[in-house]
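Please keep the structure open while reading.

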Amino acid sequence: MDPALPKAGALAIAGERVAGGVGTHETALPSPERVDLGGRCVLPGFSDAHVHFPTWALAQRQVRLEGTRSLDEALERVAAAIGEVAPGRWLRGLGWRSGDWSPPVEPTKEDLDAVSGEVPVALMAKDYHSLWLNSAALGRANGDLQVPGGVVERAEDGEPTGVLREECAWHFRDNYVRPTIEEMVEASREGIRIANSRGVTSVHDKDGWLGALEVWQELRAEDALTLRVWQSLPHDHIDKLAELGVRSGLGDDLIRIGYIKAFMDGTLGSGTARLLDGSGVQITSREELEDIVRRAARGGLPVAVHAIGDLANREALDAFEATREEWQPRGLRPRIEHAQLLAEEDVPRFAQLGVAASVQFSHAPSDRDIADRNWEGMTERAYAHRSLLDSGALLANGSDAPIEELDPLLGIQAGILRTLNEREPWHPEQAVTVEEAFQATCVAPAWLAGDERRRGKLLPGYLADLVVVDRDPFECRPEELAEIDVVATMLGGRWIFNAPPWE
């Protein structure tokens, strides 16, 4: 993954690093070991530049509503899971998207009540910006539902329908349905094993608000952490962090404080993305983001801001431009998360300002139908990955799991083919090349974490974080990309998935 040495026939590893750099021989293995790859291919370990890791890990144990084709089908899955809930516990779930249902209908608490009875049920939408509750769950809040930046959907009589959006959804989740640290640690143990089996060696985690930092530390203490973590923290922590002198990069080789996370708007699926036509929900104003960026920069922390709609992206770029004298001299690396719908004139501003686009290749084919409906006439500038790259922007690829699956090869395939099934490519003019997809998955995330001289490539002196795949993705036909399998994964010179020998 380096233009000066794009391909090599063998790789020497001493201790935790690729051999050849200063300091790599002091920890060299006492005797050489040779691994014959048998024609397989080695790549730098995959990074997921946008994942809600503990939330995704927990989702493996919850009722899943992805792919439901109707309200009735979603309710059938809930009914099947109700019997497994222990007395006094919640039924949690995720993945519904009413825009995918036929006939299209918005869910209500009465729908859930019919299959759940007195068991409190909380079901996150696929985009994590809407929450569907039954009456037993709503009763826990005692009417405390409305908060700034959120929406409480109401029936004609003024009563809540059972669907909360944006800040209202998150306020309810955080106060009544929040998982414990112990639950997250237990789920993340298995989640790490799954991630390693898919070639993942590092993540940019978005669950700082949920206490993920404590989760990672617990896992590290029990020697169960085989990922490098670049951790987000919510923007309301900025002043506390500054008071303590905590800056980006604090930590060790496995866990480091990374960046501040903020939100400009909602999402496509919930109809709350903030657009230039005036629609959508504003979570953070441009002026508020400017203040967040300034305070974070003075504390040595870069900012990553969620922006979906074209107006949200424009105002995020405006805020970074207005504060550039604060973050640029400090060498901070700001980013916009998602950047899903962009006005044409705003595309070149990412490169001009030095703001990275943290995108999710898999969102484009996954969202195509709802984008065609909700953003009719605008989709030629949606998920504009080719346009961003051609303008000189840095693209980092993530999954946004659990919204999509934490599977880098699946995301890479989506970026190259702009489809994940037998359907024709969606806006193929925005496809990326194989090399660009792997750059966005291996190299760019390491750069965003300030690790471009240690990770993301397989060069002398770099950490030996690598993945073995069963064939060379640069040589196989595009239709073969879906068939590539991860054979083994290494972190810092240690096999963490499927150590050789292999058949």
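How much space lies in the largest pocket?

## The largest pocket

In this predicted model, about 1,400 Å³ of space lies in the largest pocket. Its lining is made up of 45 residues, and those that lie nearest the centre of the pocket are Gly-9, Ala-10, Leu-11, Leu-37 and Val-42. By residue class, the lining divides into 30 nonpolar, five polar and 10 charged residues.

Several elements take part in this lining: β1 (13-14), β3, α16 (434-448) and β18 each give two or more residues to it. The largest share comes from β3, which contributes four residues.

## The sheet that holds β3

The strand β3 is also part of an open sheet of four strands, which follow one another in the order β3-β18-β19-β20 with antiparallel pairing. At the edges of this sheet stand β3 (41-44) and β20 (494-497), each of which pairs on one side only. On average, and with direction ignored, neighbouring strands of the sheet are turned by 30° against each other.

Strands of a sheet pair through backbone hydrogen bonds, and they may do so in a parallel or an antiparallel manner. Here β3 and β18 (residues 466-469) run antiparallel and are joined by four bridges; within this pairing, Cys-41 has Val-469 of β18 as its bridge partner.

## Where the two descriptions meet

Both β3 and β18 are among the elements that give two or more residues to the lining of the largest pocket, and these two strands are joined to each other by four bridges.

Technical notes. Residues numbered from 1 in each chain as written. Predicted model: local features only at pLDDT ≥ 70, side-chain atom pairs only at ≥ 80, totals over all residues. Heavy atoms only, no water. Pairing = 2+ DSSP bridges. Axes fitted to C-alpha atoms, helices over the stretch in contact; angles between N-to-C directions. 1 Å grid on protein atoms, 1.4 Å probe; cavity = no way out; pocket = protein on both sides within 12 Å on 5 of 7 lines; lining within 4 Å. Points joined across faces, edges and corners; volume = space filled by probe spheres on them. Nonpolar A, V, L, I, M, F, W, Y, C, P; charged D, E, K, R; others polar.
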